[in-house]
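Please look through the sequence and the structure shown here before reading the briefing that follows. The points after it are grouped by topic.

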Amino acid sequence: MFSNFNIRAKVLLQPLVLFQIIDAYERRPKDAKQITNCFTVLHKEQPDIGHIDLDLAYVTDILELNMLTYPQERVLGWFSTGKSVSRSATLLYEYYTRECGERQPLHLLVDATLKTQRLLPRLYCAVEIGVPGGTKGLMFSMLPLEMTSGNPEMVALRSMEKQSLHSATKQMGRILPELVQVVEATKDMQQRLELVLRYINDVLARKRKPDNLVGRTLHDALSSVPVVDSENFRLMFNAHLRDMLMAITLSMMIKTQLEISEKLSSMHEH
């Protein structure tokens, strides 16, 4: 059980997980000290006798619903909020060892108080320690953790970053339409390309010393882009742009129709 997980393995973490943890932390009961699952399992800790009461019926039901919605996902472990691994981690490890099957359960720890202005997520796995034939215990060893996100998450994170720059007295801006986001993303890509071209020209002109890491990264990025000539790319881009404009037009028409229907209903009531 303890040999099937490499403690040097890198784990990728989606930002949505941290938002779910913060949401669960803010909605916790006032007398609760720890959250034991991402979908907020009702529980009660009894540290005096080293026992935790879990609402197993709720856990089973919510887990089945999650598996129906996301059949490709599996239980990897549990999370808790705090600055250090609590004494309850050993008891929770025993439960999630059964839930994770052949996989070793992982423990994600997040400081949701934000006193340091950072979440500081840390990931642990349990390692068995002790004398052979004698008393044994568990030690939680930290694993490398890296934040990762896809295109939808990047759009949301950039929008939140822009909103955070507004002062508290100013009105929060609305989410930009899809076409405006495409324009902003294109401008950002153009700025990045100009930065890359400036670096390449400086290296070719021997104004800057080449960096092997940057060179390998540029090679991997260029190799991952499919080779498409300019005419086919223009046709493909215009086709997607027309589809997006049509979707925006249809959504605006539906919104207008709903507003008209609502006003007509209110007129009939009066």
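Is Arg 208 buried, partly exposed or exposed? Arg 208 is partly exposed, because its relative accessible area is 41%, where buried means under 20% relative accessible area, exposed means over 50%, and partly exposed lies in between (1.4 Å probe, protein chains only). This is a predicted model, in which local features need pLDDT of at least 70 and side-chain atom pairs count only at pLDDT 80 or more, while totals for chains, interfaces and linings use all residues. Residues are numbered from 1 along each chain as its sequence is written, and side-chain values use heavy atoms, with hydrogens and water left out.

**Overall make-up and confidence**

- The protein chain contains 7 helices and 8 strands, where helices (H or I, at least four residues) and strands (E, at least two) are DSSP runs numbered from the N terminus.
- Of the 270 residues in the protein chain, 19% are buried, and the chain has an accessible surface of about 20,900 Å², with 59% of that surface belonging to carbon and sulfur atoms; accessible areas come from the Shrake-Rupley method with a 1.4 Å probe, and for residues only the protein chains shown count as cover.
- Among the contacts in the protein chain with a separation of 6 or more, 56% are made by residues 24 or more positions apart, a contact being heavy atoms within 4.5 Å.
- The average pLDDT of the protein chain is 76, and 81% of the residues score at least 70; pLDDT is the predictor's confidence in each residue, from 0 to 100.
- Confidence is highest in strand E5 (residues 106-110), at 88, and lowest in helix H4 (residues 151-164), where the mean is 71.

**Nonpolar cores**

- The largest nonpolar core has 14 residues, of which Trp 78, Leu 92, Tyr 93, Tyr 96 and Phe 140 touch the most other members; such a core is a set of buried Ala, Val, Leu, Ile, Met, Phe, Trp, Tyr and Cys residues joined through side-chain atoms within 4.5 Å.
- Helix H3 (88-99) and strand E6 (122-130) are the elements that give two or more residues to this core, and H3 provides the largest share, 5 residues.
- Another core, of 13 residues, lies apart from this one, and its members include Val 11, Leu 108, Cys 125 and Leu 143.

**Salt bridges**

- The whole structure holds 2 salt bridges, a salt bridge being a side-chain nitrogen of Lys or Arg within 4 Å of a carboxyl oxygen of Asp or Glu.
- Arg 192 is exposed, with a relative accessible area of 53%, whereas Asp 188 counts as partly exposed at 23%.
- In another salt bridge the side chains of Asp 202 and Arg 208 meet (3.7 Å, N to O); Asp 202 is buried, because its relative accessible area is 18%.

**Surface and single residues**

- Val 228, Phe 233, Met 236 and Phe 237 form a nonpolar patch on the surface, and together they have about 370 Å² of accessible area; patches are made of residues with over 30% relative accessible area and no salt bridge, with like charges joined within 9 Å and nonpolar side chains (Val, Leu, Ile, Met, Phe, Trp, Tyr) within 5 Å.
- Val 228 sits in the loop between helix H6 (212-224) and helix H7 (230-269), and Val 228 is partly exposed, with a relative accessible area of 40%.
- Arg 206 lies in the loop between H5 and H6, has a positive phi of about 60° although it is not a glycine, and is exposed, with a relative accessible area of 79%.
- Glu 45 belongs to strand E2 (residues 43-46) and is partly exposed, at a relative accessible area of 27%.
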